[in-house]
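Have a look at it first, and then we'll go through it piece by piece.

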Amino acid sequence: MKLVKLGFASALAMTAAAPSFAQSAEARAGAEIAARATPSEFAPAVGVLELNQPVMIEGCLEDVSWCQISFDGQTAWASAEYLYVEEDAQPVALINRPGTLSLSTVTVPDEDATQAEQNTAAAVGATLGSLIAYAAGGPAGGIIASGMLGTAVGVASVEPSEETLVFVSENPVETIYLEGEVAVGAGVPAEVPMYDVPTQPEFRYLTVNNQTVLVDAETATIVRVLR
């Protein structure tokens with residue numbers, strides 16, 4: 001099986017006012033995302049964070065790309081691109097770490113394992129294309145704010161039918177590895193192969209980092225992660 005590594009569109013890239021809080025802080029998930037065993041999008045998922053689910057931030061990597069979180073009695077890692085805090089009722093994305101944000105810096109508990117996960121994805125093929133950059137105010141800029149209002153950017157306006165879900169399940173496709181967490185609202189690069197859904201032509205589907213997703217056929221935005 002040929003696996004290809006491509007750039008993946010981050011669903012969260014926004015600027016906001018800087019909050020000030022110490023060592024640990026409560027944050028929320030700006031989308032439904034996986035909580036992972038190590039700080040890597042290729043690491044095993046140990047749970048799923050629902051939209052707006054609160055978590056405690058125990059610390060982040062030095063570059064604030066991933067944060068160690070605790071929720072529901074367990075500890076895991078989550079992509080900081082999809083976590084936000086509230087300051088004066090405004091969302092502040094953790095990935096855009098303001099100068100006044102004070103959080104503990106934590107190290108990767110098993111650097112060899114995490115590097116192995118990265119190497120697995122990197123070794124499967126050449127990198128094609130680059131990370132898609134969204135302007136603030138587009139899908140990226142709106143996702144956290146929409147999450148605070150109880151909605152998710154990129155959610156399908158039409159629900160996939162049972163026939164569609166069965167079709168996708170019975171017609172699996174090769175995994176393509178992309179950098180970035182798989183989440184509703186993230187954009188798939190144009191050069192990535194996507195597959196038609198004859199039961200509902202408004203959707204296409206593909207498998208990203210071993211997770212099957214439905215995307216909007218016009219915008220290539222992920223609208224459903226089939227877990």
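## The chain as a whole

Let's settle one word before anything else: a residue is buried when its relative accessible area is under 20%, exposed when that is over 50%, and partly exposed in between (1.4 Å probe, protein chains only). The model is a predicted one, where local features need pLDDT of at least 70 and side-chain atom pairs count only at pLDDT 80 or more, while totals for chains, interfaces and linings use all residues. Numbering runs from 1 along each chain as its sequence is written, and side-chain values use heavy atoms, with hydrogens and water left out.

The chain has three helices and 15 strands, which are DSSP runs numbered from the N terminus (helices: H or I, at least four residues; strands: E, at least two).

## The nonpolar cores

In soluble globular proteins, nonpolar side chains tend to be buried together. A nonpolar core here is a set of buried Ala, Val, Leu, Ile, Met, Phe, Trp, Tyr and Cys residues joined through side-chain atoms within 4.5 Å. The largest one has 38 residues, and Leu49, Ile57 and Ile69 touch the most other members. Apart from it lies another core of seven residues, including Val197, Phe203, Tyr205 and Leu214.

Who does leucine 49 meet, leaving aside neighbours within four places in sequence? Its contacts include Ala29, Ile33, Val55, Phe71 and Ala78, as well as Glu32.

## The disulfide

There's one disulfide in the structure, that is, a pair of cysteine sulfur atoms within 2.5 Å. Cysteine 60 and cysteine 67 form it, with their sulfur atoms 2.1 Å apart. The link is right-handed, with 90 degrees about the S-S bond. Cysteine 60 is buried at 1% relative accessible area, and cysteine 67 is buried at 0%.

## A buried arginine

Arginine 36 sits in strand S3, residues 33-36, and is buried, with a relative accessible area of 5%. Beyond its neighbours within four places in sequence, arginine 36 is in contact with residues including Trp66, Trp77, Glu181 and Gln211.

Definitions and conventions:
Contact means heavy atoms within 4.5 Å.
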